Amino acid sequence: MDRYTLWQKIGIYAGIGIFLAFILLPFFEMFMTSLKPLNHIFRSPYQFWSDDFSFDAYTRMWERVPNLGRYIWNSIFIATAVTLIAMIVIVPAAYAYARLEFPFKTQSLGLFLSVNMFAGAVLLIPLYKLMRTLGLLNTYWAMIIPGVAFLIPTGIWLLRGYLEKIPKEMEEAAYMDGASRLYTLRRVILPLAGPGLVVVATTVFITAYAQQYLFAITFNSDGDLYPLPVGLLQFIGYQNVEWNMMMAAALTGITPVLVVFLFLQRYLVAGLTAGAVKE
Amino acid sequence: MTLAAQGTAAPERMRRKALSDRAFAWALIAPAILFIAVIVAWPLIETIRLSFTNASLAGEEYVGLANYQKLFSGGKFGEIIVRTFVWMFFSVSLKLILGLIGASLLMAVVPGQALFRILIMPPWVIPIAMGCLGWLWLFNGDFGIISGVAQAIGITDGPFAFLAYRNSAFWSAIVTDAWVGTPMVTLFFLAAMQGVSRDLYEAAWVDGAGRWYRFRRITIPQIMPVIVSMALMSAIWTFNSFEIIWILTQGGPRGGTTTMIIDTYKVAIANLQFGEGAARAVIIVIMLALFSLLYLWVLGRVNRKYGVK
Amino acid sequence: MTTFNRLALATVLMGATALPALSQEIQYIMCGDERQAERDSVAAFEAANPGIKVNLEFLPWGTCSEKAMQMAAAGDPPGLAYIGSRFLKQLSKADQILPIELTPEQEAAYQPGILSTVEDGGKRWGFPHAFSNKAMFVNCDLFEQAGLECKVPADWTEMKAAATAIKEKTGIAGIGIAGKDFDNTMHMFLDFMYSNGGTVVDTVTGEIKFDDVPARETLQLYADLVPVMAEGATALERGNLQALFEDGKIGMYVTGPWGMGQHAAKNFKVGPIPRGPSGTSGSILITDSIAVFKGSGVEAEAMKLAAHLTSGASQYALDSEWGLPPIQKYEEQGITDVYYAKPEWKLFLDTTPTGRPEPMVYNFASLQAVFTNMIQGVILGEITDINAAVTEAAEGIKAIQ
């Protein structure tokens, strides 16, 4: 294949630079805010550095909100639990939609998708009543279960595409050898779908990690169980918001996930390659 | 004799296989259905029921179609519907365009590629509210970088507050929404592009096709199913995207950024008029369902055209 | 499902009533950070009332009151909750909260005007627990740069003249006005309108008095100030204004007593809100209250707890910690060496009796929307006919009532 000329290389780097600038600009702003003293968060003209900038907020935030580490841990725990449970439900269903013929197949898939159309906010009060009836208020489950329910449709939709791409012959062969359906699914399909599973699980995990706010504030009032997005609200005081510490905490809070992604990255992109989303 | 026996046995086996397929399929889907039925379906039905009542903090009474009639009698709701679709169209388009550009750039085999791929992830991972605060400050007239740079290079005379005017606030919200959605779209496009068979490119290259031609004639058609699929998911999410607008403008100024979901939230949660709010929610679902049906129909045609199953 | 709900609920209720009433639990939702003073006060109450357990929950600002109201809506009300007094009418009309009874001593303990913020239909619907009023802060450096003597303008004419002078001489905005879709856009407008003798709703008759001279003059004031106010007012709320003032980007603005601490490093002066042509200087008086919910099963105990929390040392600790004007007359309760003895507090103490509450309407969010729409219309130049705009807003308010 043709190689890049120097100018093409410069063009690619410039393009990536502009693209990343757009993606990272708000993070730059958040980072700058985390360095500023509270009474000078907002200063004009804009300063890129000043003598009173410091990393103080990154140490003081742990004292200001002593539970901060716990909130980050809660977020990871809730997102992990959501991912595990969701995958257990998603995998068989996605397999059925990818491989089997059954009545109401298209219609039921459409119904699943329509769950995405109901915004969680509108369902809050009925959901609250339900959580109370089930006795789940103020437990981790109150945040995990609705999280799972709203991610199942997306997960099925995405995973189905990968499973469809696995050659049918492998499965047929196992089937002909007298293996049961379940055995085939477990021993033939799942290993082949590995990368696809990683992609879908990552998508579920990240979504569950970043969007924990609504269910958490509504179904839980136990301060020990807050996920990070709710915990960050503790930097809001009666008169002042400690923006510098809030931003420091938010940036610190996403670091573990980015680190995990760093390791998954290679695998993830490979996984996407194998399947990609279809239809 | 043996032939005849085989002749009847084969359909019989097929039939039994189909039957077991069916039962097996339902067994596999059952957990998902159960989950959705318990957690989502009941609140959903409850919402539909509430939409026929005047439910508020004070209790509820059946009012028939009154909530729906009230909605469509004022001119405002029509305006909000139109605005919501405009918002959805531009935001989704922007995400797809940025996703395509981003994915193409990240496909380029250059040093630093792995790092760049990680650096596009943060907007997806950060709690949406926090990312929006970053944008809130960027759009600030006096203290934001954008306005500051614009003044420094002489585009504007004085500070310009992006969120203060109907149009600029609307576009600012679109940019922010696109920002939140771009990483996921980029990543899925990137993967789809990697899935395109190299043979196709090499054949085209041998024929002397340039990069742009190859992108247009090979990449785009090959990843079209993914583009179309991502577009639908993004459209649904964007339609229901709430936090971004709420944090930036709360639907203002003068309703300039009030989409259907913002309107619904204001009525149902801020005003505690659950009945009227529920009617709005039901209309959102009907609109999205119609939109999705239309979309899937188009999708079917696209797939046929590009020879995808 | 409903039947199932009822059955489940009935079982729970039966289980609860079947048990001997050994211990009663009161759920109390408080806003803000964990406060030891509040915990101590609750502990003292539990010690004095054996058999009652208080489940005190501190929820973050911006989620606490909403949560209490949603719980009530779902039929699962807390025993008591900290809530903006503006929501009391909606809750009382919905039969979700109980009216409170104050002993003559409790009544006498509150500063004048405070109890008016919780009154509706001849009853009181919450124990006022935190309160603030407003004053005008001016940036002396900017006043002097504009060749003006640094003093808080006494009336609107002086205020407009000062703002214009600052804008013309220094190029910096003369005044900061809030215009975003936020509560404080309406609050600031009412600060000026109350300083011009205006009324939104008559507290006794419930009549809408908005469509009158004071409101029109106030809206006209906003229109007149547009050229000299901070750019993009429709995107500004109090946090932005505070930042602008601190950074020397506005000549003056209206805020609460916390401004004294926030701007401690600045050369500023603070004084009463300038009076309009039709009135005398006043201020909006905003309170948050402890509301006692109906249907928690522990109403009487919750009532006792609320009274305990809003009395004496417990209430004093909150006021001083949050840096608010004193909500009660603490000297008369034997508290000495009060935090507000410092001279700078005098202005806010003097302003308290002139303060007037937020309008008591059934649906506060809708009221706010009407005001915001009117104010933004003027700032954006979309409204030119001031009188018609005020009349339209008055119609809007009527529709809410």
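Visitor: Before we look at burial, what makes a residue buried, exposed or partly exposed here?
Guide: A residue is buried if 20 or more other C-beta atoms lie within 10 Å of its own, exposed if 12 or fewer, and partly exposed in between, with C-beta atoms placed from the backbone. This is a predicted model, where local features need pLDDT of at least 70, side-chain atom pairs count only at pLDDT 80 or more, and totals for chains, interfaces and linings use all residues. Residues are numbered from 1 along each chain as its sequence is written, while chains are lettered from A and ligands numbered from 1 in the order in which they are written.

Visitor: OK, how many residues of helix α12 of chain B are buried?
Guide: 10 of the 11 residues in α12 of chain B (260–270) are buried, so the helix is largely enclosed by the rest of the structure. Helices are DSSP runs of H or I, at least four residues, and strands are runs of E, at least two, numbered from the N terminus.

Visitor: Which ones are buried?
Guide: Among them are B:Asp263, B:Lys266 and B:Ile269.

Visitor: And what follows α12(B)?
Guide: B:Leu272 does, with a positive phi near 60°.

Visitor: What about chain C, how many helices and strands?
Guide: Chain C has 16 helices and 12 strands, and buried residues make up 50% of its 401 residues.
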